[in-house]
Amino acid sequence: MKESNFILPEYPITLEAGKIEWKAPSNIALIKYWGKKGLQIPANPSLSFTLQKSLTSTSLSYSPIEKSENFSFEVFFDGKPNPDFKPKIEDFLSRVDPYLPFLKKFHFKIETTNTFPHSSGIASSASGFAALALCFAELERIMNTGIDPELFLKKASFMARLGSGSASRSIQGPLMLWGDHSMFEGSSDIYAVVYPFEVHPVFRSFHDTILLVDRGRKSVSSSMGHQLMVGHRYAGKRFDQASDNRTAMKAILKNGDLNRFVEIVESEALSLHAMMMTSIPYYLLMQPNTVAIIQKIWEFRLRTGLHLCFTLDAGANVHLLFPDDESVEVYNFIQEELLEHCDQGGLIKDRVGLGAVMVS
Ligand code: DP6
């Protein structure tokens, strides 16, 4: 499917003022997106678990106006006006404008809130842009009720991607693919799709417990990190590695081979951080507590033979991934050995989820 498929020929229904609300989850990448081309085209294919409890809830109130030159909107976060979010949303609106030609005929009030704490160091851009894109896709659907449900979801993912790449994977679940890959028919660089192959039941109830090591703002943003992959000495090899890992995941996800799963997931996380450490300028987002947790996880696995593994985003927090039938032992281990490495004992217990939902 091409960009032009997302331009609808007509909007038969004229709208009065109204309000739409969607809740979208965060996601955690197993195969990491790091590096992009052009306008949010990933340099390599990625694969993620959609989460269940780490959500952004966004409402979009709309009222028709005389068509204006600029976008007319205001943004509220946790009930208070938040002008800091406006530039990013303005960029998002100008990117989706060619696909939603009615945007300048409305005034919008965007109200957003997250279930996870603001100062947790958890990026809200994936869930935030997914929820926002779904609100706009819904607005379009009210004006053209005939839109095919498949096209609706693809367009929402396509628009979310234009806000933040990883947001494309937050529309549906439980496993999402983003990025063209010859082994995965139907995969695309411009939107994410639900992983279309057989998945072993063990992955349907996987846990992701996020250990909050650092709640602060990151020293280097993800946008900057992606840019530093341009001309990076190891970029080509890294993109090949991600592509190969995604191929390898197909058999692992089918067979439920947890040992191989652990190996690929941890290797992806460390390779992502290795790219940061070998960028010019180089930088380091892991902290001593991140490394201490990783080492304790490795000892725990050796000692118990269980399948707890970690992954990292572009930050110091550690995502612990483990199957449901090992959760009692893992929670005891977290309590006894890992909590001491978290900022004020902070953690978020999440699990694999099914995707965004509209709030009626
Ligand atoms: C490390 O999606 O935040 O989390 O497209 O610039 O908004 P932008 O980047 P973003 O990058 C996420 C990178 C990552 C890995 C991943 O989620 O795949």
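How far does a polar side-chain atom of Ser166 lie from an oxygen atom of the ligand, and what is the distance? The distance is 2.7 Å. That pair falls within the limit for a polar contact, a pair of N or O atoms within 3.5 Å. The protein covers 91% of the 460 Å² of accessible area that the ligand has on its own; such areas come from the Shrake-Rupley method with a 1.4 Å probe.

This is a predicted model, in which local features need pLDDT of at least 70, side-chain atom pairs count only at pLDDT 80 or more, and totals for chains, interfaces and linings use all residues. Residues are numbered from 1 along each chain as its sequence is written, and side-chain values use heavy atoms, without hydrogens and water.

Two further side chains reach ligand oxygens. Ser164 places a side-chain N or O atom 2.7 Å from one. For Arg169, a polar side-chain atom sits 2.8 Å from a ligand oxygen.

Now the whole shell. It holds 16 residues, with Tyr33, Lys36, Ser164, Gly165 and Ser166 the closest. The shell divides into 5 nonpolar, 7 polar and 4 charged residues, with Gly counted as polar. Helix α4, residues 222-227, gives the most, with 3 residues. Helices here are DSSP runs (H or I, at least four residues), numbered from the N terminus.

Turn to the cysteines. There are 0 disulfides, a disulfide being a pair of cysteine sulfur atoms within 2.5 Å. Cys342 is in none; the nearest cysteine sulfur, that of Cys309, is 17 Å away. Cys342 is buried, at 8% relative accessible area. Buried means under 20% (1.4 Å probe, protein chains only). Cys135 is buried too, at 0%.

Definitions and conventions. Near = heavy atom within 4 Å. Polar contact = N/O pair within 3.5 Å; in protein donor to acceptor, adjacent residues only side chain to side chain. Helix = DSSP H or I, 4+ residues; strand = E, 2+ residues; numbered from the N terminus. Buried < 20%, exposed > 50% of the residue type's maximum accessible area, 1.4 Å probe, protein only.
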